[in-house]
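The tour makes two stops.

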Amino acid sequence: MTSKHRRPLRALVLAPTRELALQVSAHLNVCLGTYGAGHPDVKTEDAEDEQASFSPKGKGKAKSKGEEKVKVPVGSKAPPLVSVAAIVGGMSAQKQRRILERGVDVLIATPGRLWDILEDDADLAKDVKSLRFLVLDEADRMIETGHFAELDNILRLTQRQFQKDETDPEFNKQSSATDEDGDLEDASANDKMQTFVFSATLKKKTSLLRHSLFKPDDLVLRLDFRDPEPDIVDLSPVGGVVSTLKESKIECLSGDKDIYLYYFLLRYPGRSLVFLSAVDGIRRLLPLLELLGLPAYPLHSQLEQRQRLKNLDRFKSHPNAILLATDIAARGLDVPSVDHVVHYQIPRSADVYVHRNGRTARAKRSGFSMLMCGPEERRVVRALLGSLGRQENDIPEMLVEHHLLDKLKPRLYIAKEIDKVRHKTKKANHERNWMKATAEAMDIELGSDFASSGEEDVGMHNRQVKAQNAKVASLKAELKQLLAQPLVARGVSTRYITSGSRPIVDDIIAGNYHETMVGVKKSEAGNDLVRGKRTKKEKEKSEADAKVEYEEWTGFGSS
């Protein structure tokens, strides 16, 4: 399709992350597909591409002798009424350029990849200057200082003063040309552009909008709103918390967060999203959860885009999946039925806290959020909640069965030992191969002394590897045995299920028993909260229960 017949870009949607951009594109195509179901002339771009790219290549039923191949003219199929495309990094830029050459009505993009294409596509740059609709999703994130430098360049194309000062005569000539409907547009056609800004945490920034108190790098000067008094629609709940979300916290030592997280994931199975502030934390925590038999998947910026999307799909499809994610998953992602959001590491700001919590309790569904707070993080938590107009005591503590927690510690300890041995082996292999790889890259021939010492090192290395593999196998067998043992709550009689201070027979008959923790009722995390400090009577009862010891329960058939 030539640029002369190329359909112009009408709407541009900018999103901070690839996953969010692809999600917006998918949702728009679903809406268009529903609308087009009753209109034969309406087709989405995805459906058109799917039909165009399908070819049996010899598969299926064979043609009859009298059947002739019918060639359908290219012009017989009507083009889609509304064409939608997504342009994000981590995917083939060449394919994305081909899509843009055909022309699209609505473009969803991340700023980085879009600017890379704009630098080499003059036609697309002209379309951006003539936009009718500009949408910024999660705008407060994209305008933060030091983030998305390409966004400023894109927004500059939409600014009227820039167009007057910098635009070439060809664009001015084009802007006064006749549009598709035959109506003559004047040189100020871009004054009609509508700008939409969306974010769950834009309230403080937009409160300045009515008073025009802006710094040079603030939102209004960057976006160049056509309306001098843009409308503001504020739907933010009080305190940044929706009514269907229940919050809680666990105060523990930073070194004990792993065991408390493991306890929580076992005690309350469900689709859980665990947020960490750094990729290193995900890389440390992921192998531990995998060794403990939990379905955990990573999501962070250092993964390839294909792997990120694959892990996200796995998380959506598994009812008890665990997603270990950095804050790239905190904004905008709409994952159906996220049961729990766990703040393993305290968010750096109140805005991030609100966005993280926004992954659960969506569309009036119930949700649960838990803060894991170490002693050194309490000041940060107080400041974070203070900026939301709340107190630290507003978030109740999580009820924890410490007897069961102690039973989980040997499992976690062995998992850490296995991971430590694996890491040591991997590090030794890396150091062993580094010298050789460096010499080959620099085209340097290693001497005979190095070769002879290398042979000795190889023998020693092989012996070490065998010893470490044997140790890992032994630790795995021990861990497997521990994982096979049932977890029995305090107060459960191991001989008679109808006796003990915590009889379990009624729960078993009613089907209200926990699958992995014997003696614990099946319940939602939001129902096991401790509001305020425990009374003296409750503390005395807890201490009295701690003195009672029972034998380990070995099953219903044990004597």
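Which classes of residue, nonpolar, polar or charged, make up the lining of the second largest cavity? This is a predicted model, in which local features need pLDDT of at least 70 and side-chain atom pairs pLDDT 80 or more, while totals for chains, interfaces and linings use all residues. Residues are numbered from 1 along each chain as its sequence is written, and side-chain values use heavy atoms, without hydrogens or water.

**First stop: the cavity**

Select D258, Y262, L285, L288, L289, L292 and L412, which line the second largest cavity. A cavity is a set of points on a 1 Å grid over the protein atoms alone where a 1.4 Å probe fits but cannot get out, and lining residues have an atom within 4 Å of a point. Its volume, the space filled by probe spheres set on the points, is about 30 Å³. By this rule there are two cavities of 30 Å³ or more.

Colour the lining by class: six residues are nonpolar, none is polar and one is charged. Nonpolar means Ala, Val, Leu, Ile, Met, Phe, Trp, Tyr, Cys and Pro; charged means Asp, Glu, Lys and Arg; the others, Gly among them, are polar.

Next show α12 (257–267) and α13 (279–291), each of which supplies at least two lining residues. Helices are DSSP runs of H or I, at least four residues, numbered from the N terminus. The largest share of the lining, three residues, comes from α13.

**Second stop: a helix pair**

Move to α4 (residues 111–118) and α5 (residues 122–129). L114, I117 and L118 in α4 meet L124, A125 and V128 in α5, with contact meaning heavy atoms within 4.5 Å. This contact has six nonpolar, no polar and no charged residues.

Technical notes:
Axes fitted to C-alpha atoms, helices over the stretch in contact; angles between N-to-C directions. 1 Å grid on protein atoms, 1.4 Å probe; cavity = no way out; pocket = protein on both sides within 12 Å on 5 of 7 lines; lining within 4 Å.
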